[in-house]
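Open the model in your viewer and keep the selection tool at hand. The stops below can be taken in order.

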Amino acid sequence: MLQTSNYIKHTTKNPLKKWLINYFYKVLFGLIANLEIKTILDAGCGEGFSLNQLKKKFPSKIYTGIDASSKAIKLGKKIFPNIKLKTGNIYRLPDKDRIFDLVICTEVLEHLAKPAKALQEIKRVAKKYCLFSVPNEPWFRITKLGNDPEHINHWTKNKFISLLEKNQFKILKVRTPFPWTIVLTKI
């Protein structure tokens with residue numbers, strides 16, 4: 001089976017990394033638990049691990065995932081055959097305007113050369129809410145838990161919030177489960 005770095009992260013046997021990932025999902029679930037939403041897009045879904053976790057917790061929602069990596073999507077379709085996953089470009093999402101009640105984009109923006117362009121495209125397809133997460137720097141790199149050479153953007157919590165506000169996202173809630181920043185926004 002072809003494995004990606006995201007697959008390896010989510011299937012780790014390291015107890016500390018497993019605990020951190022589970023805590024990340026607990027915080028994420030808490031942020032969206034009371035939202036009135038039906039349709040969810042995961043922009044940059046990788047293999048679909050986050051969508052699978054969300055579907056377990058909130059089974060009545062309609063989930064879609066999109067990722068630029070055909071390798072990740074192919075693997076995701078094998079491990080999560082009941083989740084709609086498709087290959088696509090975050091800079092040109094193949095969806096209509098204002099179609100998803102919630103768009104999540106977790107652990108993606110730090111990899112992108114043009115994060116503001118991706119944010120505008122995410123905002124275009126979002127009807128109500130967006131949920132973002134990025135590594136909280138410099139803590140993410142200092143811990144060596146996620147010193148990923150593919151990360152080309154490094155934000156502190158305040159700098160990431162500033163980026164979202166600059167792109168006209170209304171900040172609703174901010175959480176910082178170590179070593180991440182998670183932000184719930186409204187359109």
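The tour below goes through a predicted model, one selection at a time.

**Surface patch.** Select Leu 16, Trp 19 and Tyr 23, which make a nonpolar surface patch of about 330 Å². Trp 19 belongs to helix α2, residues 15–32.

Next select Glu 110, in the loop that runs between β4 (100–106) and α5 (115–125). Glu 110 is buried and has no salt bridge. Which side chain of opposite charge is nearest to Glu 110? It is Lys 9, 6.7 Å away, a distance beyond the 4 Å limit for a salt bridge. To see the surroundings of Glu 110, show its contacts outside the four neighbouring places in sequence: Ser 133, Val 134, Pro 135, Glu 150, His 151, Ile 152, Asn 153 and Trp 155.

**Backbone stops.** Most residues other than glycine have a negative phi, and most peptide bonds are trans. Stay in the loop between β4 and α5 and pick Glu 107. Its phi is positive, near 60°. Glu 107 counts as buried, at 15% relative accessibility.

Move to Gln 168, in the loop between α7 (157–166) and β6. Gln 168 also has a positive phi, of about 60°. Is Gln 168 buried or exposed? At 55% relative accessibility, Gln 168 counts as exposed.

Then go to Pro 179, in the loop between β6 (170–175) and β7 (180–186). The peptide bond from Phe 178 to Pro 179 is cis, with omega near 0°.

**Salt bridges.** Side chains of opposite charge can pair when their charged atoms come close. The count for this model is four salt bridges.

Start with Lys 86 and Asp 95, whose side chains meet at 3.2 Å, N to O. Asp 95 is buried, at 13% relative accessibility.

Now select Arg 124 and Asp 97, a salt bridge with its closest N and O atoms 2.7 Å apart. Arg 124 lies in helix α5 and Asp 97 in the loop between β3 (84–87) and β4, so the pair ties together parts 27 residues apart in sequence. Arg 124 is partly exposed, with a relative accessible area of 22%.

Finish with Lys 127 and Asp 101, where the closest N and O atoms are 3.4 Å apart. This pair links distant parts of the chain, with Lys 127 in strand β5 (residues 126–135) and Asp 101 in strand β4, 26 residues apart. Lys 127 is partly exposed at 41% relative accessibility, whereas Asp 101 is buried at 6%.

Key
Residues numbered from 1 in each chain as written. Predicted model: local features only at pLDDT ≥ 70, side-chain atom pairs only at ≥ 80, totals over all residues. Heavy atoms only, no water. Patch = residues over 30% accessible without salt bridge, like charges linked within 9 Å, V, L, I, M, F, W, Y side chains within 5 Å. Areas by Shrake-Rupley, 256 points an atom, 1.4 Å probe, with all protein chains shown as cover. Helix = DSSP H or I, 4+ residues; strand = E, 2+ residues; numbered from the N terminus. Buried < 20%, exposed > 50% of the residue type's maximum accessible area, 1.4 Å probe, protein only. Lys, Arg positive; Asp, Glu negative; His and termini not counted. Contact = heavy atoms within 4.5 Å. Lists of a residue's contacts leave out its neighbours within four places in sequence.
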